[in-house]
Amino acid sequence: MNRFVTSTALAACCAVVVAGAGAPPGPPAIRVPQLERRVNDLINSQRTAARLRPLRVDDRLTRIARAHSEDMATRRFFDHINAQGEDPTARGKHAGYECRKAIDKSSFREGLAENLSDVPRVSRILTMGDRKTYDWNTVEDIARLAVQGWMHSPGHRRNILYTTFSESGIGVAVSSNDVYITQLFC
């Protein structure tokens, strides 16, 4: 999937920090569990609006998703396949998690589905002389931008609204410039 960056991020206004000619200020802290819960809430709002059951949070899927987001942030890549060549299903199996869902009496679906998002920490930097002003994305901005991006992408939307999925895990990792979000579905 393509890296998700949207022009609506430019319109988001959050904490504003002004820096002089010295070192630029650091971004505000992001509480990972709070962001993971907010993304989950927004996903389940989409599901209930489509008359589907909300996804249950599975702590094992959350750990697997968080590990993938942390790997992407650390190694600076954005992909469903990690450096070991593992896709979401293989990463799940490596962690001891297998997903098998009955579709009907005679067929089933195996494997994990995955949505990824990479949202910039800053929505805008304004430079005036030697002064820079940073507009940082809030937890709410980041969650909203990720879910809106997924809902506007046919494949991501299909994962969110797939009737057979009943569990999900959302994992977030924060780098200096970006917030990586992985959502796994079973």
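Q: Which residues is Val39 in contact with, leaving aside its neighbours within four places in sequence?
A: Val39 touches Ala143, Val147, Trp150, Ile170 and Ile181, where contact means heavy atoms within 4.5 Å. Do keep in mind that this is a predicted model, in which local features need pLDDT of at least 70 and side-chain atom pairs count only at pLDDT 80 or more, while totals for chains, interfaces and linings use all residues. Residues are numbered from 1 along each chain as its sequence is written, and side-chain values use heavy atoms, with hydrogens and water left out.

Q: What makes a set of residues a nonpolar core, and which residues have the most contacts inside the largest one?
A: The members must be buried Ala, Val, Leu, Ile, Met, Phe, Trp, Tyr or Cys residues joined through side-chain atoms within 4.5 Å. Here the largest such core has 24 residues, and Leu35, Val39 and Ile181 have the most contacts inside it. Helix 2 (32-49), strand 5, helix 5 (139-151), strand 8 (167-174) and strand 9 (178-185) each supply at least two of its residues; helices (H or I, at least four residues) and strands (E, at least two) are DSSP runs numbered from the N terminus. Helix 5 gives the largest share, eight residues.

Q: Why are helix 2 and helix 5 called oblique to each other?
A: They pack at an angle of about 40°, with axes 9 Å apart. Axes are lines fitted to C-alpha atoms, for helices over the stretch in contact, and angles run from 0 to 180 degrees between N-to-C directions. Under 35 degrees is roughly parallel, over 145 roughly antiparallel, 65 to 115 roughly perpendicular, and the rest oblique. The two helices are therefore oblique. Among the residues making the contact are Leu35 and Val39 of helix 2 and Ala143 and Val147 of helix 5.

Q: How do you know whether Gln183 is buried or exposed?
A: Buried means under 20% relative accessible area, exposed over 50%, and partly exposed in between (1.4 Å probe, protein chains only). Gln183, found in strand 9, has 0%, so Gln183 is buried.

Q: What makes the pairing of the Gln183 and Ser168 side chains a polar contact?
A: The distance is 2.9 Å. A polar contact is a pair of N or O atoms within 3.5 Å; within protein, one must be able to donate a hydrogen and the other to accept it, and residues adjacent in sequence count only if both atoms are side-chain atoms.

Q: Why does Arg121 count as buried?
A: Its relative accessibility is 7%, so Arg121 falls in the buried class. The Arg121 side chain reaches the backbone oxygen of Pro28 at 2.5 Å.
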